[in-house]
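Hi,

Here is the structure I promised to pass on. Have a look at it first, and then read my notes below.

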Amino acid sequence: MIEIQNVRKSFGSLEVLKGIDLTVNKGEVLTIIGGSGSGKSTLLTCINGLEPIDAGRILVDGTEVHAKSTNLNKLRSKLGIVFQQFNAFPHLTVLENVMLAPRKVLGLSKEKAEENAVKQLTHVGLGEKLGVYPTRMSGGQQQRMAIARALAMSPEYMLFDEVTSALDPQLVGEVLDTLRMLASEGMTMICVTHEMKFAREVSDRVAFFHKGVMAEIAAPEALFGAPKDPELQKFLAATH
Amino acid sequence: MFSYTFHWNQALKALPQMLDGALVTLQVALLSMVIGLALALALTACRLSGNRILGGFATAWVEIARNTPALFQIYMAHFGLGNFGIHLSPYTALLAGIAFNNAGYLAENFRGALKAIPDTQARAGRSLGMTSVQAFRYIVLPQMLRIAFLPVTNQMVWAILMTSLGVTVGMNTDLAGITQELNARSFRTFEFFAIAAVIYYLIAKAVTLGARLLAARMFRY
């Protein structure tokens with residue numbers, strides 16, 4: 001369970017999160033929608049401890065992410081995150097990209113790590129690309145590799161930060177299909193996305209962020225079918 | 001009037017001796033690069049440490065190495081330290097001077113290379129649970145070395161050429177030192193230095209070519 005309690009976060013004088021309260025249960029798929037600068041991506045990097053917070057707290061299975069005593073590196077192996085930029089490691093093959101962290105962080109043997117990496121890569125449809133360098137692949141393939149790389153750490157939660165925003169339109173589908181597959185397998189996921197159709201179809205709940213505030217959260221039918229917040233109504237009218 | 005008569009035969013007889021010198025030259029250059037690379041990595045680590053004293057030390061090193069004559073750096077290692085009672089042999093002083101110079105230039109090359117690697121790379125490593133040291137070691141460093149490879153090769157060539165400054169501190173076993181001694185005995189300046197120049201040229205070219213082959217093997221991406 002991820003518990004976000006009254007989290008505040010500023011970059012300089014700009015407050016990007018103005019007291020967020022949110023609980024994500026095991027097995028749940030939560031999507032976060034909202035305009036740019038609404039704070040949705042920042043929240044993900046805070047959950048993962050990549051960004052410090054100014055107030056409030058975030059608990060992952062009861063462990064406070066930003067507590068000094070927390071071993072962030074250990075916690076992060078529980079929290080997979082995939083970014084908008086694929087961040088493929090260009091000097092490593094696809095297989096090596098996926099093997100690196102399990103070997104160095106989890107201390108898996110080469111054989112174990114390779115077996116696991118092959119499994120994850122096959123799962124996202126890249127079983128034929130093991131020896132290829134990522135720069136030779138399409139954006140969609142690189143992003144699926146990034147997903148496999150995160151999954152190879154056997155995370156209990158997956159955070160997706162606009163993972164299709166940097167892709168050519170024709171490549172969005174293959175990445176969303178991968179996310180759908182994970183959702184159907186019961187992975188706990190928080191997806192920040194601009195793909196409304198995807199959000200509608202895959203989510204248990206959808207949250208709408210506006211200017212650092214979670215303006216509305218509801219099941220997708222309610223949020224998209226009968227939005228209450230006026231900003232959300234405007235947002236949906238503009239994106240449809 | 002142009003009345004000089006070339007005496008190539010006499011000069012060429014000294015070729016084996018000069019080639020022995022070339023080996024010493026290559027040895028000094030290689031050692032200075034190995035030491036220089038290790039120092040440059042340490043200087044880079046100092047600059048990245050966020051510690052002001054370490055960072056200041058590294059920056060001062062780089063500034064001095066890059067903005068003062070290499071000749072002075074070698075002089076200082078031999079005569080300068082000699083004033084304080086630290087007596088380095090010509091060989092050691094030459095090696096120390098060039099290594100100092102190499103470290104400064106290479107550290108600056110590394111800095112440029114690091115700038116070319118997006119922060120998101122290390123961040124991606126951290127997000128997978130790596131420590132900052134692991135992320136640097138396995139993700140940033142290999143990419144940095146590739147970007148810096150060509151400048152490092154240039155510095156190696158430069159190190160070979162810098163060894164010739166050893167004559168000024170009494171180095172007499174390397175190519176320049178031997179050439180200078182032959183010259184002093186025979187006054188066949190043009191012949192001896194022309195042959196030495198060809199040898200320097202060939203060594204430099206061989207290093208560049210070797211580096212290119214190595215790069216093709218090492219960097220497949």
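Let's start with one pair of residues: A:Glu3 has A:Thr23 as its bridge partner in β2(A). Keep in mind as you read that this is a predicted model.

Strand β1 of chain A (residues 2-11) and β2(A) run antiparallel and are joined over 8 bridges. As a reminder from class, strands of a sheet pair through backbone hydrogen bonds, in either a parallel or an antiparallel way.

Now find strand β7 of chain A, residues 157-161. How many of its residues are buried? The count is 5 of 5. Both faces are covered: A:Tyr157, A:Leu159 and A:Asp161 are buried on one side, and A:Met158 and A:Phe160 are buried on the other.

β7(A) has parallel partners too. Strand β6 of chain A (residues 79-82) pairs with β7(A) in the parallel sense over 4 bridges, and within that pairing A:Gly80 has A:Met158 as its bridge partner. Strand β8 of chain A (residues 188-192) also runs parallel to β7(A), joined to it by 5 bridges. There, A:Asp161 stands opposite A:Val192.

A:Phe160 is worth a click. Apart from neighbours within four places in sequence, A:Phe160 is in contact with A:Val82, A:Leu179, A:Met189, A:Cys191 and A:Val192. A:Phe160 is also among the residues with the most contacts inside the largest nonpolar core, along with A:Ile47, A:Val98, A:Ala148, A:Leu159, B:Leu94 and B:Ala103. That core has 128 residues. Helix α5 of chain B (residues 90-115) gives the most to this core, with 13 residues.

Next, chain A as a whole. Chain A has 9 helices and 10 strands. Its radius of gyration is 18 Å, close to the 18 Å that the globule rule gives for 240 residues, so chain A is as compact as a globular protein of that length. The C-alpha trace of chain A spans about 55 × 45 × 35 Å along its principal axes, and 46% of the 240 residues count as buried. Among contacts in chain A between residues at least 6 apart in sequence, 63% join residues at least 24 apart.

An unreviewed UniProt entry carries the annotation "domain: ABC transporter" for residues 2-236 of chain A. Over that stretch the chain is 37% helix and 26% strand, and the end C-alpha atoms are 27 Å apart.

What about chain B? Chain B has 9 helices and 0 strands. Its C-alpha trace spans about 75 × 45 × 30 Å along the principal axes, and 38% of its 221 residues count as buried. Of the contacts in chain B with a separation of 6 or more, 72% come from residues 24 or more positions apart.

Finally, look at where the chains meet: 21 residues of chain A are in contact with 18 residues of chain B. On the chain A side, α2 (72-76) and α3 (94-104) each supply at least two of the residues that touch chain B. By class, that side has 10 nonpolar, 7 polar and 4 charged residues.

Cheers

Notes:
Residues are numbered from 1 along each chain as its sequence is written. Chains are lettered from A and ligands numbered from 1 in the order in which they are written. This is a predicted model: local features need pLDDT of at least 70, side-chain atom pairs count only at pLDDT 80 or more; totals for chains, interfaces and linings use all residues. A nonpolar core is a set of buried Ala, Val, Leu, Ile, Met, Phe, Trp, Tyr and Cys residues joined through C-beta atoms within 7 Å. A residue is buried if 20 or more other C-beta atoms lie within 10 Å of its own, exposed if 12 or fewer, and partly exposed in between; C-beta atoms are placed from the backbone. Two residues are in contact if their C-beta atoms, placed from the backbone, lie within 7 Å. UniProt positions are given in the numbering used here, feature names are shortened, and annotations may be inferred rather than shown by experiment. Ala, Val, Leu, Ile, Met, Phe, Trp, Tyr, Cys and Pro count as nonpolar, Asp, Glu, Lys and Arg as charged, and the others, Gly among them, as polar. The radius of gyration is taken over C-alpha atoms; the globule rule is 2.2 Å times the number of residues to the power 0.38. Two strands pair if DSSP finds at least two bridges between them.
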